[in-house]
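Have the structure open while you read.

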Amino acid sequence: MPADILKVNSRKPTGIKQSMTTMRFSILVATMNRPQAIAKLLDSMEKQTFLPQECILVDQSKDDLTKDVCDAYVKRMHGRDQVFKYVRQETPSLVKARNRGVDESTGEIICFIDDDLILNQDYFQRIAFYFQD
């Protein structure tokens with residue numbers, strides 16, 4: 001199944017050089033049967049001071065509840081400059097899900113995050129800061 005893709009808005013944060021905002025920065029989330037956790041994670045992503053250029057969610061769930069949460073996020077974030085990819089992974093395995101996400105990624109930097117995180121507003125800004133020239 002091909003990945004569903006959406007562009008979402010990226011805000012240039014303070015303290016980040018222009019070279020970092022042009023570097024491809026991706027996040028990858030592997031999940032299985034945790035739609036409530038994904039909803040909280042995506043809600044916290046909306047509040048970031050710096051959005052990665054790409055977010056890939058690899059879903060290993062047997063039902064469509066996580067996909068429904070992702071579809072709602074896509075609608076809320078419509079018209080922005082971030083690419084969101086939803087990928088269905090039939091074989092449940094964290095390693096296979098992460099490898100699938102890496103295969104789908106276009107980022108120069110890939111950040112793996114757990115599906116049950118609630119991110120501080122500057123989470124990605126702080127990561128990006130350390131990868132500046």
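**Helix packing and cores**

In this predicted model, α2 passes α3 in a right-handed crossing. The residues touching across that crossing are P35, I38, A39, L42, D43, M45 and E46 on the α2 side, with L65, T66, V69, C70, Y73 and R76 on the α3 side.

**The α2/α3 pair**

- Sorted by class, this contact has 9 nonpolar residues, 1 polar and 3 charged.
- Helix α2 covers residues 35-46 and helix α3 covers residues 65-76; their axes come within 9 Å and cross at roughly 15°.
- Angles under 35 degrees count as roughly parallel, so α2 and α3 are roughly parallel to each other.

**The largest nonpolar core**

- There are 23 residues in the largest nonpolar core, and the ones touching the most other members are M45, F84, I113 and F124.
- At least two residues of this core come from each of β2 (25-31), α2, β3 (54-59), α3, β4 (82-88), β5 (109-113) and α5 (123-129).
- The biggest giver is α2, which puts 4 residues into this core.

**A closer look at M45**

- Leaving out residues up to four places away in sequence, M45 touches I27, L51, C55, Y73, Q82, L119 and F124.

**The second core**

- A separate core of 5 residues is also there, with A30, I56, V58 and A97 among them.

Methods. Residues are numbered from 1 along each chain as its sequence is written. This is a predicted model: local features need pLDDT of at least 70, side-chain atom pairs count only at pLDDT 80 or more; totals for chains, interfaces and linings use all residues. Side-chain values use heavy atoms; hydrogens and water are left out. Axes are lines fitted to C-alpha atoms, for helices over the stretch in contact, and angles run from 0 to 180 degrees between N-to-C directions. Angles under 35 degrees count as roughly parallel, over 145 as roughly antiparallel, 65 to 115 as roughly perpendicular and the rest as oblique. A crossing is left-handed if the near helix is turned anticlockwise from the far one by less than a right angle, and right-handed if clockwise. Contact means heavy atoms within 4.5 Å. Ala, Val, Leu, Ile, Met, Phe, Trp, Tyr, Cys and Pro count as nonpolar, Asp, Glu, Lys and Arg as charged, and the others, Gly among them, as polar. A nonpolar core is a set of buried Ala, Val, Leu, Ile, Met, Phe, Trp, Tyr and Cys residues joined through side-chain atoms within 4.5 Å. Buried means under 20% relative accessible area, exposed over 50%, partly exposed in between (1.4 Å probe, protein chains only).
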